[in-house]
Amino acid sequence: MTMDVLEEKTGIKGAHMATAQAAINMQENKPVKMQGKDVCVHYGNKQALFDVNLDIRQNEVTALIGPSGCGKSTFLRCLNRMNDTIDICHVDGDILLDSEDIYDPKIDVVELRARVGMVFQKPNPFPKSIFENVAYGPRIHGLAKNKAELEEIVATSLQRAGLFNEVKDRLDEPGTGLSGGQQQRLCIARAIAVSPEVILMDEPCSALDPIATAKVEELIDELREKYTIVIVTHSMQQAARVSQRTAFFHMGILVEEGFTNDIFTNPEDQRTQDYITGRFG
Amino acid sequence: MFWTYVAILLVLIITAHLLGRTKAVHVAGEDPSKLHSRPGYHGAYLAILTAGPAFITIILWLLVWPGIMEQLVLSRMGDIAEVLSKPELQAFIRDAKAIAFGGIVGFTDAAKEEAARHFASIQQTSQYVESLVLAIMVGVGAYWGYKSIHPALRARHFVERSVMGLLMVCSAVAILTTIGIVLSLIFESLMFFRKVPVLDFVFGMHWSPQSAFEGAGAEAASTDAHIFGAIPLLVGTLLITAIAIFVAAPIGLLSAIYLSDYASAKVRATAKPVLEILAGIPTVVYGFFAALVVAPFIRGWGESLGLSVSSESALAAGLVMGIMIIPFVSSLSDDVINSVPQALRDGSAGLGATKSETIMKVVLPSALPGIVSALILAISRAIGETMIVVMAAGLAANMTINPLEAVTTVTVQIVTLLVGDQEFDSAKTLAAFALGLLLFCITLALNIFALRVVKKYREQYD
């Protein structure tokens, strides 16, 4: 990428440009957390993903973008084996978490999902109190020895999700009574509560209004320090705002992946260029 | 006559519909977009105006006319209404009608012949009057409706409101029938409570109405209030229902969970209908299954353990009844469990919960209201069930909670009270209504209680 192109496309000039470039250089050395190797996915006879090879790096936000039906959500759901719940879904290839194949028969899917948490497109708090929603994960994994510890975990998780101050006086009220944005942050808090290493987010803001979206995006940026995050999004602006790396999917093929700045300012592939400039999708 | 009217009206409806349509298109100058309502609505408008009032009149006529006709005949017959007692008068009218319009006549005499002639002549006139009235209604309705069709006519609103009216009438019929049944239960029960004090009935520990009149003749005054104690029946009912629920709730609920969350689509597609077939087996079949297979088996099993088991036992009836109500529990629970959003299951699985943890902690609490109502429906069925108990649990009103003994239930006793020739104002017969009322109150209380529980513990997911 040349400085001219970057300046021209982003409108960032001079000094800002230098820091942006510095930030990119800093990130290059992050270790690989998860790795997809020749991942193919079939739904019955229909192939949804073709030989996807993608590295997810630690303490980064990786955005998966692409038009509807391109396979980005399918890939995301492979990362914690959520596709297992779909009978006709068949996954080939290897997906490694810390160099361990998660589709190995020896791997316990329950443990895997505790390490790779998930936040869904539509906020789906359980029909329980706010406290019980967050305490759900720690309870089933036996993370707290006593009530005090459980309360500690719940409070920390809510704090990290930036929700604590809003709900601390009504922890026993139903989680379904919160606003959409609060519900989504509750779901993030719920995912954080089991101390995952990776958090998968499937269009976490698509059901939210702009202000709630901004809050969740801010949160994602903060969470990056502790967790590895993979986010599927339809919003190119969102991908540009929150992610360090971006992978562009098209018709089940991983077309291009790289630093977000590169993808958005200087895409190598014509299809990526067309998509991010809004020519299709 | 009735069916002739209906046939004529049907023809009129079709004609009026076509006429209304045609006229509407015509007044719009062959351009239906000028009309407020589409031509079809104009057709329906005219059809309703033509046939609606006539239909209502026919129905009202059917309901009201027989009573009026009897009064007219009796008024012409002089003082016969005062001379005869109420049942005699009813028999008299029945015979007179049978002579006039055909039917089985008890016996004839001069007075009945005369009444029959009156019936015949009044009926003759009434038919002319009815036909005339209907013709006028149809004519006025059709004329006025036809004239009023013009482009701005809000025919659509009229049709919508008419449909709503029809729907309201239908629901009113259902509700009014229920109210009517309850009221008749209450009035008959009040007659019973005049003979037997309420408290003796509700809290009495002894039930043997068959001995009510021993030695004393059928005089109501000699009724012994202490043999109408309903407690043994209630205990028997609750015992059998409890056993049935004890069988049906776990089996039904667990099979529902299996069907909805574990079974493959293929298994589910066959297993569910098969389970539902259980609900289609006539209770009489369950009854002899209970009496001929289960009861002897339990007896043999009990004896081998050194227990004394009567050949008709609450256990046998309860077990079979439990099998009978499994489909109510399983089918309804399966539906509500299925309707819990997949998003909740995914959310739970995404946190590393196993399938059973998800079901126990997320799915079942969300489905609780539906599951409770399924159980309530099953309990209501069990409480109201008669045949199995008659055949397998016996008629002896034993006051016991030992499931190995013979017990009886409220419904069975209602049957035995009303079977055979009975006077409809003896305490024994009226006791059946009081039992019915009691049963109704219990089921009602159960429903209200269940609604409360559901309201308190429900976890809403939308």
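Ser195(A) is found in the loop between α8 (180–192) and β7 (198–202) of chain A, where helices (H or I, at least four residues) and strands (E, at least two) are DSSP runs numbered from the N terminus. The structure is a predicted model, in which local features need pLDDT of at least 70 and side-chain atom pairs count only at pLDDT 80 or more, while totals for chains, interfaces and linings use all residues. Residues are numbered from 1 along each chain as its sequence is written, chains are lettered from A and ligands numbered from 1 in the order in which they are written, and side-chain values use heavy atoms, with hydrogens and water left out.

Although Ser195(A) is not a glycine, its phi is positive, at about 45 degrees. Ser195(A) counts as exposed because its relative accessibility is 53%; buried denotes under 20% relative accessible area, exposed over 50%, and partly exposed the range in between (1.4 Å probe, protein chains only). Arg81(A), likewise not a glycine, has a positive phi of about 60 degrees. Arg81(A) lies in the loop between α3 (72–78) and β4 (89–97) of chain A and, at 14% relative accessibility, counts as buried.

Over all chains, the structure holds 20 salt bridges, each defined by a side-chain nitrogen of Lys or Arg within 4 Å of a carboxyl oxygen of Asp or Glu. Among them is the pair Glu151(A) and Lys147(A), whose closest N and O atoms are 3.0 Å apart. These two residues are separated by about one helical turn, because they are 4 residues apart in helix α6 (residues 147–160) of chain A. Glu151(A) is partly exposed, with a relative accessible area of 39%, whereas Lys147(A) is exposed at 57%.

A second salt bridge joins the side chains of Arg241(A) and Glu217(A), with an N to O distance of 2.6 Å. This pair links distant parts of the chain, 24 residues apart: Arg241(A) belongs to helix α10 (residues 236–242) and Glu217(A) to helix α9 (residues 210–223) of chain A. Glu217(A) counts as buried, at 8% relative accessibility. The side chains of Arg271(A) and Asp269(A) also meet in a salt bridge (3.2 Å, N to O), and Arg271(A) is partly exposed, with a relative accessible area of 33%.

Ala349(B), in helix α12 (residues 342–350) of chain B, is buried, with a relative accessible area of 9%. Ala349(B) and Leu435(B) are 86 residues apart in sequence and 51 Å apart in space, C-alpha to C-alpha.

Surface patches comprise residues with over 30% relative accessible area and no salt bridge, like charges being joined within 9 Å and nonpolar side chains (Val, Leu, Ile, Met, Phe, Trp, Tyr) within 5 Å. Arg38(B), Arg154(B), Arg156(B) and Arg161(B) form a positive patch, with Lys and Arg counted as positive, Asp and Glu as negative, and His and the chain ends not counted. The place of a charge is taken as NZ of Lys, CZ of Arg, CG of Asp or CD of Glu. Arg38(B) is found in the loop between α1 (2–27) and α2 (39–76) of chain B and is exposed, at 59% relative accessibility. A nonpolar surface patch is formed by Ile56(B), Ile59(B), Leu60(B), Leu63(B), Val64(B), Ile68(B) and Leu72(B), with about 630 Å² of accessible area together, as given by the Shrake-Rupley method with a 1.4 Å probe, only the protein chains shown counting as cover for residues. Val64(B) lies in helix α2 of chain B and is partly exposed, at 43% relative accessibility.
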